[in-house]
Amino acid sequence: MQPTATVLVYSDDSNTREQVRLAAGRRPAPDVPQVEFLECATPEAVLRELAKGGIDVCVLDGEAVPMGGMGVCRQIKDEVFNCPPVLLLMGRPQDAWLATWSRADAAVTLPVDPVEFASALAAQLRRKRLLSA
């Protein structure tokens with residue numbers, strides 16, 4: 001198992017990024033590596049960081065402005081070779097169909113519930129480990 005996993009968090013709202021960091025903690029589950037967060041406040045920053053490589057999971061805020069995480073997700077799934085798994089933060093459970101449209105690998109609702117979020121993030125880290133094996 002790698003010593004750490006890099007989780008990119010995209011939201012224009014610093015409070016949402018903080019909720020994500022606090023909900024995941026240093027290790028979202030005992031069987032996954034510790035996480036380090038890379039925060040992005042703009043879609044351009046997300047693309048720049050993904051181009052550098054080394055991202056294990058993306059957490060994208062579907063409510064972000066000017067471009068929501070669903071649009072960013074669809075774009076990176078189309079444009080980024082070996083795109084890492086994406087965990088989408090949705091405003092409402094009824095938006096699940098939009099998460100499917102965006103090709104997100106998983107989705108949870110806002111505000112961030114620590115138990116639900118940590119479980120979903122751990123599942124995506126496990127998925128990434130399996131895809132990399």
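**Entry 1**

I began with Asn-82, which sits in the loop between α3 and β4. The model I am reading is a predicted one. For Asn-82 I noted a phi near 55°, a positive value in a residue that is not glycine. I then looked up its accessibility: at 59% relative accessibility, Asn-82 counts as exposed, since exposed means over 50%.

Arg-103, in the loop between α4 (96-101) and β5, also has a positive phi, near 70°. Its relative accessible area is 33%, so I recorded Arg-103 as partly exposed.

**Entry 2: cis peptide bonds**

I looked up the bond from Val-65 to Pro-66 and found it to be cis, with omega near 10°. Pro-66 belongs to the loop between β3 and α3. Leu-110 and Pro-111 are likewise joined by a cis peptide bond, with omega about -5°. I placed Pro-111 in the loop between β5 and α5.

**Entry 3: helix α2**

Which residues of helix α2 (residues 43-52) are buried? I listed Pro-43, Ala-45, Val-46, Glu-49 and Leu-50. Seen down the axis of α2, these buried residues fall within an arc of 155°, and therefore they line one face of the helix. On the other side of α2 I found Glu-44, Ala-51 and Lys-52 exposed. The cover over the buried residues of α2 includes β1, β2 (34-40), β3 and α3 (69-79). Just after α2, I noted that Gly-53 has a positive phi of about 90°.

**Entry 4: packing of α1 and α5**

I next examined helix α1 (residues 14-24) against helix α5 (residues 114-132): their axes are 8 Å apart and the packing angle is about 80°. Angles of 65 to 115 degrees count as roughly perpendicular, and α1 and α5 are therefore roughly perpendicular to each other. From α1, the contact uses Val-20, Ala-23 and Ala-24; from α5, it uses Pro-114, Phe-117, Ala-118 and Leu-121. By class, I recorded seven nonpolar residues in this contact, with no polar and no charged ones.

**Entry 5: nonpolar cores**

The largest nonpolar core holds 22 residues, and those with the most contacts inside it are Val-59, Leu-87, Leu-89, Phe-117 and Leu-121. Two or more residues come from each of β1 (4-10), α1, β3 (57-61), β4 (86-90), β5 (106-109) and α5. I noted that α5 gives the most to this core, with five residues.

A second, separate core has 21 residues, including Tyr-10, Ala-45, Val-46 and Val-80.

Key
Residues numbered from 1 in each chain as written. Predicted model: local features only at pLDDT ≥ 70, side-chain atom pairs only at ≥ 80, totals over all residues. Heavy atoms only, no water. Axes fitted to C-alpha atoms, helices over the stretch in contact; angles between N-to-C directions. Helix = DSSP H or I, 4+ residues; strand = E, 2+ residues; numbered from the N terminus. Parallel < 35°, antiparallel > 145°, perpendicular 65-115°, else oblique. Contact = heavy atoms within 4.5 Å. Nonpolar A, V, L, I, M, F, W, Y, C, P; charged D, E, K, R; others polar. Core = buried A, V, L, I, M, F, W, Y, C linked by side-chain atoms within 4.5 Å. Buried < 20%, exposed > 50% of the residue type's maximum accessible area, 1.4 Å probe, protein only. Arc of directions from axis to C-beta.
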